[in-house]
Amino acid sequence: MLKPTEAMLYAGTLNAVTSDLLGRLEAKRRGSPSGQGLGDVASLLYRFALEGIASILFETRIGCLEPQVPPETQRFIDAIGCMFRDSVFVTALPAWTRPLLPFWDRYLRSWDTIFAFGKQLIDRRMEELAAQQERGQEASGYLSYLLACGHLTPTQVYGSVAELLLAGVDTTSNTLSWALYHLARDPQAQANLHREVTGVVGGQVPDVPHLAQMPLLKAIIKETLRLYPVVQVNSRVAVEKDIIVGGYLFPKGTLISFAHFTLSRDERSFPEPERFLPQRWLRAGAAPHHPFSSIPFGYGIRGCVGRRIAELEMHLALARVSGGVPGTRQHWSLCPGSRLATSSWLKGYSWLQVTSAPEKR
Ligand code: HEM
């Protein structure tokens, strides 16, 4: 896993991308018939997350948050969506259906588009790095690190980068969508968060040291991930020896699955498990729970490598969205008539609106 100190290096990059997100949200609000509707926030957050991870990996912007998304970026975004949709069919349907139904070919074509896009950006960045080296400049950035560490062949770098691009987008954007959804339903939590953020940063753009003083902000992300762990099941095989867990014997070779969704909604660990209660993660309001009762990023050597970047990105974005413009308090609410049940329902629907009012002192 990337160390917190290393992830901190990306705060400037992520803040620049967050500024563009705020710009898009404001433009959407102004452009809506009511002057308050935000339209499909989940899809915008998806583009935000893609822009964030791409700008870290390639140290370049790919235009996901521009009013007109560049066509090749749009093709890449569409290919990811298509690949995920078709993955359900290609996994469930038997192999003999592949020549007969459209899913398999389309699934492969989507992957080709994803890899080609990643390869093009990597190749461009490699050329820049080579030119920098020739000029005697020191190379920086994640990609130069991957290339210079010497453990990976160029083909493996292409594969790893495509994996990071995919693993780092739906994960953070769905979590942010759900966090905003719950805040929109909970005016008190929203007001408390606004107070916390503005109390720490005033009108400044938050940076890593500020985040350390925002326990509620972090609790909101933890609580959102408890309710909606983006990876619902993790599995491990006990390869070395028989093991005993909770008094049950698992012989060597057993596949053990960890059902995040079920475990993090277990009322023995989290009373009123279906409720969004960020205060359960704060020292003052916390009831003790087992440290493994909610581990949305997995654990151990194969735990999420992007955890620190993901947390930084989500914390910065939520802090900026909640802080609003100095002197103005923004109120987030669900559009009347919104009926939402799962994260995929959030996408494609206009469900969030925002009103602004002068801040009461
Ligand atoms: C809310 C955000 C995220 C959550 C909840 C999440 C969760 C997870 C989980 C549960 C795993 C499997 C861990 C295990 O098997 O123990 C995982 C793996 C992984 N994650 Fe994340 N992730 C998030 C964001 C990200 C981001 C932003 C990136 C990229 C920068 C990323 C890259 C990866 C990669 C590459 C793996 C595979 C690691 C391996 O197999 O060794 N994730 N993630």
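Trainee: What does Ala310 touch, not counting residues up to four places away in sequence?
Mentor: Ala310 touches Gly168, Thr171 and Thr172. Contact puts two C-beta atoms, placed from the backbone, within 7 Å. This is a predicted model: local features need pLDDT of at least 70, side-chain atom pairs count only at pLDDT 80 or more, and totals for chains, interfaces and linings use all residues. Residues are numbered from 1 along each chain as its sequence is written.

Trainee: Why is Ala310 called buried?
Mentor: Ala310 has 26 other C-beta atoms within 10 Å. Buried takes 20 or more, exposed 12 or fewer, and partly exposed lies in between, with C-beta atoms placed from the backbone. So Ala310 counts as buried.

Trainee: Where does Ala310 lie, in which helix?
Mentor: In α13. Helices are DSSP runs of H or I, at least four residues, and strands are runs of E, at least two, numbered from the N terminus. The protein comes to 14 helices and six strands.

Trainee: How far from Ala7 is Ala310 in space?
Mentor: The two are 9.1 Å apart, C-alpha to C-alpha, yet 303 residues apart in sequence.

Trainee: What surrounds the ligand?
Mentor: A shell of 23 residues, with Ala167, Gly168, Gly298, Cys304 and Gly306 the closest. Each has its backbone-placed C-beta within 6 Å of the molecule. α7 (154-167), α8 (170-185) and α13 (307-323) each supply at least two shell residues.

Trainee: How do you know that the span of α7 is close to that expected?
Mentor: The expected span is 1.5 Å times one less than the number of residues. α7 has 14 residues and reaches 20 Å from first C-alpha to last, close to the expected 20 Å.

Trainee: What makes the buried residues of α7 line one face?
Mentor: The buried residues are Val161, Leu164 and Leu165. Seen down the axis of α7, they fall within an arc of 100°, so they line one face of the helix. That arc covers the directions from the helix axis to the C-beta atoms. The buried residues pack against α3 (41-58) and α5 (103-134). On the other side, Thr155, Gln156 and Glu163 are exposed.

Trainee: Which members of the largest nonpolar core touch the most others?
Mentor: Ile53, Leu57, Leu180 and Leu318, out of 68 residues. The largest share of this core, 13 residues, comes from α3. Such a core joins buried Ala, Val, Leu, Ile, Met, Phe, Trp, Tyr and Cys through C-beta atoms within 7 Å. Leaving aside neighbours within four places in sequence, Leu318 contacts Leu176, Ala179, Leu217, Ile220 and Ile221.
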